[in-house]
Each structure stands twice: as structure tokens, then as C-alpha cells.
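Dear colleague,

Please find the structure below. The notes that follow set out what was found in it.

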Amino acid sequence: MTRPLRRHVILNVNVLNVGIHTGSWRLTSEPPTSFADPEYYVRMGRIAERGKLDALFLADGPALREHPALRPSQALEPSVILASVASATERLGLIGTLSSTFNDPVELAHRLLSLDQLSGGRLGWNVVTTYSVPAGGNFGLADYPDRPTRYRRAAEFVDVVQALWRDAADNGGRGIDHQGEFFTVVGALPQRQSPQGYPLLVQAGGSPQGRELAGRAADAVFSAELDLAAGIEHYRHVKDVAVAHGRRRDAVKILPGLITTIGNSPAEAQQRYERQNALLPAGHDLDRLSQTLGEDLSGLPLDEPLPARLLGEVSDPTTFGASLGFRESVVRLARNRRLTLRQTLVEFSGSGHRVIVGTPVEVADTIEGWFRAGAADGFNLMPDVFPDGLEIFVDEVVPLLQARGLFRTDYAESTLRERFTGHRLPTHRVSAPAAG
């Protein structure tokens, strides 16, 4: 059943390096290492604000994920970038990814609330647990914590951060008294509330533990779904979890990733896509899919279905080294459509997110279709190459969405919380006694 139309689709732009495509640094009009310059993010933020997009989204990579000769990437810490973009924009939201595994909750709560005040109430925090073992080595972890431990820590980390923020907003900084498995925190932040109360919480993770955390505490979810049916299933599941925790279904917004390669005609878009892929080394997508599924696929026949052992549940999720959410999205698509390995590689496209190669109208049609079907409240956009991949979206896709009544023609709200939830300040109040 088609649901009633909400006021508008939420659209964030995920500024990954100089584009989501691995070969983007060889195609951009920007200097190929401009991702190491804060002014590059300022330029992308201004384009996004010109298009009235909701927010600029930043990932975080506290370790090298690929060889720099293949793709130089992610050189700057997200909160530094967001401070630069905040000073150069007026209405654009700012969402940064920061790990609960490699940070301290009090310091992070202080840092992010400071950025929220600096930006006038435009900040969101995307909490992740980080499954990268090399990142653990950078932080001196000889034994990387398993998935259940990371998510227990993340849940408690979020509780501490939000308790400190709520105390600053509601109690005037009288203090909290938290005694938990991972953290003991007695005290208060030396701050008061921001114009939106405190930052929004975004969650990125498709594991059962991640969806539980999202439904319980998050304002938005950055999800990875490859087809509409899977998107609808994930959407309903997270909303059901929110209701089970006493929240409204609309309290958490579902925002799948959407990779776009746009041309003025289908042929032009396909040519752009093929030109990008021609820059990749042989076997690149197969290596990426192998990492996602947790098994070397190089010896499998391309034109036969994936073996049954790869299409079932992970034997031990606690020790699985990749993202369960990305794996689930690929496995479900390959199983339901009975895809061959070659077809799976095409759908996967090296990322695990939905990919559109087409015209502005086709991109707008996909956004509207998922929105109206109840598969998404909006999208985290991942243009193939910056800046032109973002510019063509802003200049040609956004007007189509506006004409259909799906997207704003100007900013009406001053804070990110108002834009996502309709409320300037959080609707709860803290009633627990202050720390003595």
C-alpha cells in the first residue's frame, strides 16, 4: 500500500573522497588529493546548500582501507572538516561519523555539542562500532573486540553521551551519575543546550545489534539496500523496533545509500559509467565482493549461481570480519533473484549500495518510488565523481523533485532537528535526580 506523502524527502550528500567510485580521483576536475584540503569540503557544502539539501555527511576511516596507489583517501578527521563547513554555510546540516570503539564518551559529547553550538544547531553524529581490524592496531588494541562487545560498548556509549547532552539541555548541567560495564561517569559538561537542544543521532549498521540500537535511540539510519523489496523489509523492521521501545514510527528516519551516475541520456550515463570502470584494475569488484561475503570468490565460475554455503547465515556472526549489513543485502538479492556471480557483481558494483546509472528523470523516479512505497524516508546520496556528479543532481534532479512536490524549494527550518523531526528541541525531559 502506498503511504501518505510526508512533507519532503530527506536528501544528504555523502562526500567520500572526490567521489564514491574508486577511479574518481582520475576523473575529477578538482585536484586528485583535494580531500585533504578543508576548502574542498566547503566547496561541496556550498553546492549542496545551493540545492537545499538537508545535510553534508562524512564517513570516517581511522586506518588505510586501500592501497594509496589505487585510491588515496580520507585524510582528515571529520569534526575538523565539519567545523570548516559550518563556518562557510548557513542552513546545511552537518553529519559526522565517529566511532564508539575508539573515542571517549565524555570528550566526544563535549566536542560534538561544541560543534552543534558553533553551527547554530545543525549537527548530527553518525555512531559506528568500526569493524576494521587495522583501525584497532592504530589505537593499540592487540585483541580487537568481537561484534557483541563492540555493540554493548556502543549502546552504553550512546547512553552516556545522550545523558550528558540531555542534562545540559534539561537540567542546566547538574550532572549525571553513570556506572556501567564500560564507563563510569560522574559529572556534567561545561555547556548548555544548542539551538536544537543537542545533536541528532544517526546510526549506520545493518546487523541485528545495529538495528536494535537504531530503533531504540537513533533519529536516522544510514542503510544499505540493493532492491525495493529489501528496502521495505528493513524500513518496517527498524520502525517496529522503535515502536517496541515506546517511540513513534516516524521518530527514526530510514536513509539508504544511493550511488548516482547521471547523464543527459541513458547512453551518456552508461558511457560515463563504463569510462569509470575502465580505470579499475582487473578483478577489483570481485575482490570487493569477496571481502563483503567473507570468502575468496576468485575460483568460482562467473556464469553460475553463488554456492549455497554463501547464501545462508554466517556460521559465527561474533567473529565475522566484515559488515553483516552489507553481506545481508548482497546475499538476499542474489538468493531471491537467483543471480549468477557475474550478475551479482553487476548489482553489487563494488559497494553494496543501490546504484543508478541513468538520466535525471530516472534518478528522480527511483527516489519517488522508494519514498512512496515505504522503503525510505530519503537517501544518503553518493555521487560517482565530485563536483560534477553533485552539480548535475542539484541542477537537474532537485528541480524535478521540487516540481513533484517531493522536495523543498527553500529552507524553512534553521536546525537539523527541525528538518528531520519537526521539533526544535527534543520532546523528552530528564526527571532523574542529579548526581550528588
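W165 is buried, at a relative accessible area of 1%; buried here stands for under 20% relative accessible area, exposed for over 50% and partly exposed for values in between, with a 1.4 Å probe and protein chains only. The model is a predicted one, in which local features need pLDDT of at least 70 and side-chain atom pairs count only at pLDDT 80 or more, while totals for chains, interfaces and linings use all residues. Residues are numbered from 1 along each chain as its sequence is written, and side-chain values use heavy atoms, with hydrogens and water left out.

Aromatic residues

The model has eight aromatic pairs. Rings of Phe, Tyr and Trp (for Trp, its six-membered ring) pair if their centres lie within 6.5 Å; planes under 30 degrees apart are stacked, over 60 edge-to-face and the rest tilted. In one of these pairs, W125 and F157 are tilted, with 5.8 Å from centre to centre and 50° between the planes. W125 belongs to strand β4 and F157 to helix α5, so this pair ties together parts that lie 32 residues apart in sequence. Helices (H or I, at least four residues) and strands (E, at least two) are DSSP runs, numbered from the N terminus. W125 and F157 are both buried.

W165 and Y198 are stacked, because their ring centres are 5.8 Å apart and their planes stand at 25°. Helix α5 holds W165, whereas Y198 sits in the loop between β6 (184-187) and β7 (200-203), so the pair ties together parts 33 residues apart in sequence. Y198 is buried, with a relative accessible area of 3%. One aromatic cluster takes in W125, F157, W165 and Y198, together with F182 and F183.

R417 and the ring of Y198

Y198 also has a charge over its ring: R417 lies over the face, at 5.0 Å from the ring centre. The rule asks that NZ of Lys or CZ of Arg be within 6 Å of the ring centre and within 35 degrees of the ring normal. R417 is part of helix α14 (residues 416-421) and is buried, with a relative accessible area of 5%. Residues up to four places away in sequence aside, R417 touches Q196, Y198, P199, L200, D219, G422, H423, R424, L425 and P426, where contact means heavy atoms within 4.5 Å. Between the C-alpha atoms of R417 and P32, which are 385 residues apart along the chain, the separation is 34 Å.

The cavity

The count comes to one cavity of 30 Å³ or more. On a 1 Å grid over the protein atoms alone, a cavity is a set of points where a 1.4 Å probe fits but cannot get out, and lining residues have an atom within 4 Å of a point. Grid points are joined across faces, edges and corners, and the volume is the space filled by probe spheres set on the points. The largest cavity holds about 30 Å³ of space, and its lining consists of V127, V128, T129, Y151, A154, Q203, A204 and L213. The elements that give two or more residues to this lining are β4 (123-128) and α5 (147-170).

By class, the lining has six nonpolar, two polar and no charged residues. Ala, Val, Leu, Ile, Met, Phe, Trp, Tyr, Cys and Pro count as nonpolar, Asp, Glu, Lys and Arg as charged, and the others, Gly among them, as polar.

Backbone features

Most residues other than glycine have a negative phi, and most peptide bonds are trans. The peptide bond from F386 to P387 is cis, with omega near 0°; P387 lies in the loop between β11 (378-383) and α13 (388-403).

N17, although not a glycine, has a positive phi of about 50°. Its place is in the loop between β1 and α1 (38-50), and N17 is buried, with a relative accessible area of 5%. R338 is likewise a residue other than glycine with a positive phi, near 55°. R338 is found in the loop between α10 (324-337) and α11 (341-348) and counts as exposed, at 72% relative accessibility.

Two further residues

N12 is located in strand β1 (residues 10-14) and counts as buried at 1% relative accessibility. Beyond residues up to four places away in sequence, N12 touches D54, A55, I95, L255, F379, N380, L381 and F420.

E368 lies in helix α12 (residues 360-373) and, at 16% relative accessibility, counts as buried. Leaving aside neighbours within four places in sequence, E368 is in contact with R404 and L406.

With kind regards

Technical notes. 1 Å grid on protein atoms, 1.4 Å probe; cavity = no way out; pocket = protein on both sides within 12 Å on 5 of 7 lines; lining within 4 Å.
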